[in-house]
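Dear colleague,

I am handing over the structure we spoke about, and I would be glad if you could look through it with the notes below beside you.

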Amino acid sequence: MPNDIWNVSSDSIDNPWDGIDDNGISIAQEIASIIARHGRQGYLRKKTEQKCRCLSPITGEADVDCPTCSSTGYVYLDHRIRLFRHVVTRAMSGAHRKDMSPFGVLAVDEAVVYVQHDNLFPSIHDWVIEVITDEKGDIKPPPLIERIYDIAEIYDLREDYGQVAYYALRCRKIEIGK
Ligand SMILES: [Zn+2]
């Protein structure tokens with residue numbers, strides 16, 4: 001039952017895959033079918049090492065209205081993904097709540113987002129971007145941002161021979177200051 005997977009993943013803080021009884025059932029297949037049935041397209045926004053032109057040489061700060069870097073100060077690359085977001089219904093880690101949010105950013109929500117590996121290598125503080133999608137979960141052009149999640153922790157689900165199949169990304173929803 002898919003519900004069992006979510007209950008187990010919510011219970012374990014250190015490893016969402018702990019306690020899953022793998023009686024010949026491939027968890028990767030379960031997650032694949034959940035993402036296929038209930039998931040939607042979106043973007044993984046990966047920061048690059050390339051500094052944005054808007055960075056002030058005097059203050060070292062980025063322009064809060066910069067359309068190129070979304071005020072992060074670094075140029076980013078968007079990768080299309082298919083994702084399934086699991087809303088966390090109870091506190092999973094109090095530690096995050098003590099973090100100071102960057103100026104203009106307010107943490108209001110936590111979620112776990114499941115994505116296929118697909119040669120993505122998500123990093124902490126990359127963003128998962130949900131956009132308006134159609135009834136099949138495909139992006140409706142032009143892409144309109146619905147929600148942005150900042151990746152706080154990354155877990156990988158490994159299959160045979162240690163191959164990464166899926167990621168579980170613990171995220172915090174962020175609001176961009178206007
Ligand atoms: Zn910029």
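To begin with Leu83: once the neighbours within four places in sequence are left aside, this residue is in contact with Gly39, Arg40, Gly42, Val113, Tyr114, Val115 and Val128, where two residues count as being in contact if their C-beta atoms, placed from the backbone, lie within 7 Å. Please bear in mind that this is a predicted model, in which local features need pLDDT of at least 70 and side-chain atom pairs count only at pLDDT 80 or more, whereas totals for chains, interfaces and linings use all residues. Residues are numbered from 1 along each chain as its sequence is written.

Leu83 also belongs to the residues with the most contacts inside the largest nonpolar core, a set of 20 residues, together with Val113, Tyr114, Val115, Val128 and Leu169. A nonpolar core here is a set of buried Ala, Val, Leu, Ile, Met, Phe, Trp, Tyr and Cys residues joined through C-beta atoms within 7 Å; a residue is buried if 20 or more other C-beta atoms lie within 10 Å of its own, exposed if 12 or fewer, and partly exposed in between. At least two residues of this core come from each of β1 (40-51), β2, β3 (105-116), β4 (127-131), β5 (145-158) and β6 (164-176), and β6 supplies the largest share, 5 residues.

As for the protein overall, the secondary structure amounts to 2 helices and 6 strands, taken as DSSP runs numbered from the N terminus (helices: H or I, at least four residues; strands: E, at least two), and their order along the sequence is α-α-β-β-β-β-β-β. The protein has 178 residues, of which 21% count as buried, and among the contacts between residues at least 6 apart in sequence, 65% join residues at least 24 apart.

Two further residues may interest you. Val75, in strand β2 (residues 74-87), counts as partly exposed because it has 14 C-beta neighbours inside 10 Å; not counting residues up to four places away in sequence, Val75 touches Thr48, Gln50, Cys52, Thr68 and Cys69. The C-alpha atoms of Val75 and Cys52 are separated by 5.4 Å, although these residues are 23 apart along the chain. Arg80 also has its place in strand β2 and is partly exposed, since 13 other C-beta atoms lie within 10 Å; beyond four places in sequence, Arg80 is in contact with Gln41 and Tyr43.

With best wishes
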